[in-house]
Amino acid sequence: MSGSTGYSNGYHLQQCGSSEKRVGTSQRERLRKASRKSRDGRGGPRVSYDEQQQQQERPPCTDFDMAYFHSYSHLGIHEEMIKDRVRTETYRAAILQHQSSIEGKVVVDVGCGTGILSIFCAHAGAKRVYAVDASDIAVQANEVVKANNLSDTVIVLHGRVEDVEIDEEVDVIISEWMGYMLLYESMLGSVITARDRWLKPGGLILPSNATLYMAPVTHPDRYGESIDFWRNVYGIDMSAMLQLAKQCAFEEPCVETITGENVLTWPHVVKHVDCYTITIQELESVTTRYKFKSMMRAPLHGFAFWFDVEFSGPAIYPTNSDAPSSLSGSSSNSPIDGSQRKKRANPNEALVLSTAPEDPPTHWQQTLVYFYDPIEMEQDQLIEGSVTLSQSKENSRFMNIHLEYASGGRSFVKESVMR
Ligand SMILES: C[S@@+](CC[C@H](N)C(=O)[O-])C[C@H]1O[C@@H](n2cnc3c(N)ncnc32)[C@H](O)[C@@H]1O
């Protein structure tokens, strides 16, 4: 997934919040029971108390959500994701690696987009795949399914995961839900909803877990281009622009590609997410304390954030507390074993989709939170503080970043919003 803002060119009213539209008609009979459960209650069977409760608890679909779904009706965003071969090929490899858990089984693809992952699952032998998407791209997904003669297997449901009805339990949930900095866009909540509504006990979730990292970075070229540039513009001293330049360049987080050479020391785990156990409430706000020791003398320009996701079988780490300490979201600054971020050679080991600076680039790049002014770090100098990532109250798909950092006897606070 990439950020939707680049495509948020307004929105129109669609089916958000109402019962799902199943695209196409060839599977009508199969879904007969499901469609009887129309949420308006007219003409269908009586809705049980439990179902009424569930419906009342469903989160409302806001104007922001509608704009978000509308952004995904633009083909460009899907083209970018599909052309990201690291992303798409890792998902396909993971599906093949877990083929024995998919063959003959029922799958839900949460946010199917063009339907690509649903079709991979059908090719892997799934008995039935519910391909759910609230965006109008679902209409095209259904055409793709038909053109590939998969209408008997892949059922496209055009609606929110929170609203659609699936009248059976499922064996597998697959979803590509990750936003910039992992949690931007807040789509993981919809995967949790799907899990809690439909996944059989012992079912499989792909990806199974995710880890968000941060590390201090030096980036003199970037600082030079955006800030030092104003010191001498065609021989004119435009230093008067410096404060404004810092504000304009660094007020918001920047999505850009850095390399391992920009990173000053080992990363710190901000949050480990176990997709089998994480709750929606846990995602509202994530706080971690960090302490880094710079491995070199260099100007420190800010922090980079990146993530990886792992495609392992169910419940490798049944609870967060059972996760290995380097991946548990603790505040330690222990080195991360590089092999944990790599696709593993042994096919019995979990595949990893990494967006780390030292790994091949993806469309997620890295997210940089720059300081307004660099800190000149000596080798072994400490920098410590805390970071809180929280869903914006205004629009839960935005992320507030509260960063505190202290080094060399000075301390700072930076607030920013990822919109
Ligand atoms: C990152 S795209 C992934 C598309 C496709 N699975 C792929 O891998 O190319 C996420 C998709 O999820 C859809 N989506 C996000 N939240 C959803 C929800 N709550 N219900 C249904 N669809 C959702 C979006 O409309 C978007 O098409």
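Which residues touch the most other members of the largest nonpolar core? The points below take this up, after a word on confidence.

1. Confidence. This is a predicted model. The mean pLDDT of the protein chain is 85. Of its residues, 79% reach 70 or more. Over residues 2-15, however, the pLDDT is below 50. That stretch still has 33 contacts in the model beyond near neighbours in sequence. Residues 24-49 also have pLDDT below 50. Here the model shows 25 contacts beyond near neighbours in sequence. Read both stretches with that in mind.

2. The core. The largest nonpolar core holds 105 residues. Val108, Cys121, Ala131, Ile173 and Ala304 touch the most other members. Strand β11 gives the largest share, 9 residues. Both domains take part: domain 1 (5-176) and domain 2 (210-418) each supply at least three residues.

3. Strand pairing. Strand β11 covers residues 298-311. It pairs with β12 in the antiparallel sense, over 4 bridges. In one of these strands, β12, Val352 is the bridge partner of Glu310.

4. Strand β12. This strand spans residues 351-354, and both of its faces are covered. Leu351 and Leu353 are buried on one side. Val352 and Ser354 are buried on the other. In a regular strand, side chains alternate between the two faces of the sheet.

Key
Residues numbered from 1 in each chain as written. Predicted model: local features only at pLDDT ≥ 70, side-chain atom pairs only at ≥ 80, totals over all residues. Buried ≥ 20, exposed ≤ 12 C-beta atoms within 10 Å, placed from the backbone. Helix = DSSP H or I, 4+ residues; strand = E, 2+ residues; numbered from the N terminus. Pairing = 2+ DSSP bridges. pLDDT = per-residue confidence, 0-100. Contact = placed C-beta atoms within 7 Å. Core = buried A, V, L, I, M, F, W, Y, C linked by C-beta atoms within 7 Å. Domains from an automatic or database assignment.
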